[in-house]
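Let's take a walk through a protein together. Keep the 3D view open and follow along.

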Amino acid sequence: MRGIYTLILDLEHGIRIRVGSLGEILFPEGYYAYTGSARGPGGFRRINRHIAVMNGENATRRWHIDYLLPHVILRDVITTATDRDLECEAARRIGVNCIPVARFGCTDCRCTSHLHYSPSYREMLFACRKAHRDLLNL
């Protein structure tokens, strides 16, 4: 199956991380939502790669999110099955309610960010579920 996904991540302690070409970023403790595309040949198996990076089973750092994953706990995954290119729209909608981490995860588009922050899990979960639900009506 293919589509787009949002990972909801829990960072228990603030940390500074050097993130590829973005340089050093301060990540305060709280919740992060990373929105990505799984429309390629592997589909939603891309999520398994993220989990492998998170668990230290894959040391490759290809995307911005790969630098953050070893420091977080996966709290939730929200998916939308689609063949349409809705990754940027989902990220934009999440950004209405949550704080964007500037330029993170969006080197191949013009979005503000594909990673968003909230100190509240409840707020983050609501924003992500709403964004994905709204995509079904486009």
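In which sense do strand β2 and strand β3 pair, and over how many bridges? They run antiparallel, with five bridges between residues 15-19 of β2 and residues 23-27 of β3. Strands here are DSSP runs of E with at least two residues, helices are runs of H or I with at least four, both numbered from the N terminus, and two strands pair if DSSP finds at least two bridges between them. Across from Arg 16 you'll find Leu 26 in β3. Three residues sit between the two strands of this hairpin, and Gly 20 in the turn has a positive phi of about 40°.

A quick word on the model: it's predicted, so local features need pLDDT of at least 70 and side-chain atom pairs pLDDT 80 or more, while totals for chains, interfaces and linings use all residues. Residues are numbered from 1 along each chain as its sequence is written, and side-chain values use heavy atoms, without hydrogens and water.

Now hop over to His 114, in the loop between β6 (99-100) and β7 (115-118). Is His 114 buried or exposed? His 114 counts as buried because its relative accessibility is 1% (buried means under 20%, exposed over 50%, partly exposed in between, with a 1.4 Å probe and protein chains only). Leaving out residues up to four places away in sequence, His 114 touches several others, including Tyr 34, Cys 88, Phe 104 and Cys 109; contact means heavy atoms within 4.5 Å. Glu 87 is also one of those it touches.
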